Amino acid sequence: MPSPMRVDASDDALDTLFQPFADGVLSWPEQGGALFLRARDGVGLRQRPRPGLVCEQDYKPAIDALHRGGLDTVDLDSLPADQRYPLVLVLPPRQRDEARALYAQALARTAPGGRVVACLSNDEGARSGEDDLGRIAGKVGSLSKRKCRVFWTAPLDGPADPALAAAWAGGDRPREILGGRFLSRPGVFAWDRVDPASALLAEHLPADLAGRAADLGAGYGYLSAELLARCPRITALDVYEAQARALQLARTNLQRVPTAVPMEFFWHDVTAGLDDRGYDVIVSNPPFHAQGREERPDIGRRFIAVAAQALNPGGRLWLVANRHLPYEVVLDERFGEVRTVAQQGGFKVVEAIKAKAAGKPAGTTTAKPAGKFAGKPGGKGGARA
């Protein structure tokens, strides 16, 4: 089955991150290991041994790929406060406040005399990223290859600008948005607003949706909150999200909703399938990118296929997507009835009903996917949500 993480695919930023080590410009530490923030598995990581490497990642498909590759992972919250590394590698995110917070975190985890090494593609802000690291760390070196820029600090003894580093460290903390209705933070999809596609879907949710429901790719919880507000006959809700920081927000936001509906939260890669069956309703605004800018309609198609498997016969999928995305074939193949409910602003809202003659009898339920929200990952097999 397809997955958002394709380890065999080209990852130019990852490959370029390790270029200074391949060229002999930088040396891998002989002792003390290395911490890799927002790590991804791939060819560049595996070209030679990386002794002592531990990886951090909050995106479930990426951490699953790291585990499949036998790489050690760690949750930063579980590390001792004084744990430092002679080398900290960073693949910064696109969102600048989140990236700046990650640079500050990298410096805080760098041992005296150690270095921070980071890489971005040119079209995702490489020059700005290099400038930002230099502002808090001092002079940096760099090289360009594969339309990417890798940049690194001189041996460090703390930040060059401690006040700025401290300010940036808190730049991606959760904060209230939309008049205090939701808590969100930089780096989450549509973090400071209501995504217009989700708003369109919420506007068309019918009040007669009833029974056990799931939100696939829930973000900070907007659609789930709207489902509960607009559909009083929902009896239970499961929330699935691949980004840990988004899921934590969804959990907080939905606990603030005045409802007695039981809810569970899962840090889960929906494209890997759901073990749970027996949903009566599924809502989704599925992603169509993984961790880059490449358009990935296969992710949305997989969300649709997984939803069809998880629904009871007669169960209803309410989906929103960009109008140009080619989802019609998989919808027609997997569902008995499909109708376009609305088209507006470049988006389409679709209702798909599972054929009543197919699948398991209504109400059949099996075990939920491993990893119900119970903390943060540590080591190779850790899971949360």
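**Aromatic pairs, cores and an enclosed helix**

The structure contains six aromatic pairs, a pair being two rings of Phe, Tyr or Trp (its six-membered ring) whose centres lie within 6.5 Å, with planes under 30 degrees apart counted as stacked, over 60 as edge-to-face and the rest as tilted. This is a predicted model, in which local features need pLDDT of at least 70 and side-chain atom pairs count only at pLDDT 80 or more, while totals for chains, interfaces and linings use all residues. Residues are numbered from 1 along each chain as its sequence is written, and side-chain values use heavy atoms, with hydrogens and water left out.

A pair of aromatic rings is described by the distance of the centres and the angle of the planes. F18 and F36 form an edge-to-face pair, with 6.1 Å between the centres and 80° between the planes. This pair links distant parts of the chain: F18 lies in the loop between helix 1 (12–17) and helix 2 (19–22), and F36 lies in strand 1 (residues 34–37), 18 residues apart. Helices (H or I, at least four residues) and strands (E, at least two) are DSSP runs, numbered from the N terminus. Both F18 and F36 are buried, a term that means under 20% relative accessible area, with exposed meaning over 50% and partly exposed in between (1.4 Å probe, protein chains only).

F21 and W28 also form an edge-to-face pair, at 5.7 Å centre to centre and 65° between the planes. F21 counts as buried because its relative accessibility is 7%, and W28 counts as buried because its value is 16%. Ring pairs join F18, F21, W28 and F36 into a cluster. The charged end of R50 sits over the ring of W28, 5.6 Å from its centre; this requires NZ of Lys or CZ of Arg within 6 Å of the ring centre and within 35 degrees of the ring normal.

In the loop between strand 1 and helix 3 (43–46) lies R40. R40 is buried, since its relative accessible area is 15%. The side chains of R40 and D11 are joined by a polar contact of 2.8 Å, that is, a pair of N or O atoms within 3.5 Å; within protein, one must be able to donate a hydrogen and the other to accept it, and residues adjacent in sequence count only if both atoms are side-chain atoms.

Helix 4 (residues 60–68) is largely enclosed by the rest of the structure, because eight of its nine residues are buried. Among these buried residues are K60, D64 and H67. Their cover includes helix 3, strand 2 (53–56) and strand 11 (263–267). K60 lies over the face of W267, at 5.4 Å from the ring centre. After helix 4 comes G70, whose phi is positive, near 75°.

In soluble globular proteins, nonpolar side chains tend to be buried together. The largest nonpolar core here has 41 residues, and those with the most contacts inside it are L205, L209, L227, I234 and V239. Such a core is a set of buried Ala, Val, Leu, Ile, Met, Phe, Trp, Tyr and Cys residues joined through side-chain atoms within 4.5 Å. Helix 10 (residues 244–255) supplies the largest share of this core, six residues. Leaving aside neighbours within four places in sequence, L205 is in contact (heavy atoms within 4.5 Å) with L227, C231, V283 and W318. Apart from this core lies another, of 28 residues, including L37, A104, A106 and V140.
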